[in-house]
Amino acid sequence: MNAPHTLTRRKTLAALGGAALVSGMPAFLPRANAQGLTKVSFQTGWLAQAEHGGMYQAAATGIYKEHGLEVEIRPGGPQVNTVQLFMAGSSDFAEADGFRAFAYAKDKLPAVAVAAFFQKDPRVLMSHPGTGSDTLAGLKGKPLFVATTGRQTYWLWLKAKYGLTDDQLKPYAFSLAPWLVDKQSTVQGYLTSEPFNARKSGVEPVVHLLADQGFDNYASVAMATPKMVKEQPELVQRFVDATAKGWKSYLNGDPAPGNALIKKHNPQMGDDVIAYAIGAMRQYGIVETPEAQAAGGIGAMSAARWQRFYDAMVAAGALAPGLDVKSAYTMQFVSGKRTA
């Protein structure tokens, strides 16, 4: 995942040759196919996985088609710079999170959040059982494996809220091996993957879901350009509604169609990994929460929550003060009751 705070308008323009942003015209425009469906694309932040299941389900079961859309899901990966691709206009929508949406807004880049399909950020810290690490406060003084991007975002929040200190940090190379050896250590991860891998290695981990401890970051946030929001709001609405229905179907119905498409795009994805991720998303309410239901259903956002998260990040020193928070998102497509 790219570090969102390093994003600047100057750097992005330089990386893209400046053309797309200077002109204000995206290189990729929605267009109709022979069946009369509007073709749009969505750039994900990683390889095809269950965490994108709602979109793959909507594509595989014809939900997008029912909304007049042909959606091309473009997988990301370790060598894919989602930000640059989206800013170049190569996709109509892109995956981000609340923190990155603030980075777009801070640097006055043409991107706005239109829906948040993960009400809870799936980031976790994972500890060994029986070591006194059952709470975040209990991690004081113990080694923590945290990657660079984490140190610039949620780590600052953890320090501010729980009194953790930088001398605890250990470099994280996206391998559980050092954590498995050091029983007193804690490691970063994602709810939908690292706990599964820990159990395969014979450890029943203590899982700290940061979202359940007050880290209010939205995840799986769909970003669109202000130009599309202004000129094609009906198209954005269809995409948001259909994706929400895809998630509803994926988590509450038969996910087999979506899973088949995920594995087609990512043949290395195993059935056991997918099943675990689906179970974790259901168990912890990553997509569906009472808050989201009250606010309009899957994909809902709250202006109060956007402000609350921003204020918490400013207090932690992770974001600079003075941002117009409302410039990062629009409630236009998720306000009011919807069918999902």
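Guide: Leaving aside neighbours within four places in sequence, Arg-123 is in contact (heavy atoms within 4.5 Å) with Asp-97, Thr-153, Tyr-154, Gly-189, Tyr-190, His-208, Leu-209, Leu-210, Phe-215 and Asn-217. This is a predicted model, in which local features need pLDDT of at least 70 and side-chain atom pairs count only at pLDDT 80 or more, while totals for chains, interfaces and linings use all residues. Residues are numbered from 1 along each chain as its sequence is written, and side-chain values use heavy atoms, with hydrogens and water left out.

Arg-123 lies in strand β6, which covers residues 123–127; strands here are DSSP runs of E, at least two residues long, numbered from the N terminus. Because its relative accessibility is 9%, Arg-123 counts as buried, a class that means under 20% relative accessible area with a 1.4 Å probe and protein chains only. The side chain of Arg-123 also makes a polar contact of 2.9 Å with the side chain of Asp-121, that term standing for a pair of N or O atoms within 3.5 Å, where, within protein, one must be able to donate a hydrogen and the other to accept it, and residues adjacent in sequence count only if both atoms are side-chain atoms.

As for confidence, the chain has a mean pLDDT (the predictor's confidence in each residue, from 0 to 100) of 90, and 89% of its residues reach 70 or more. Over residues 1–27, however, the pLDDT is below 50, although this stretch has 50 contacts in the model beyond near neighbours in sequence. Where pLDDT is low, predicted coordinates should not be read in detail.

Terms used:
Helix = DSSP H or I, 4+ residues; strand = E, 2+ residues; numbered from the N terminus. Buried < 20%, exposed > 50% of the residue type's maximum accessible area, 1.4 Å probe, protein only.
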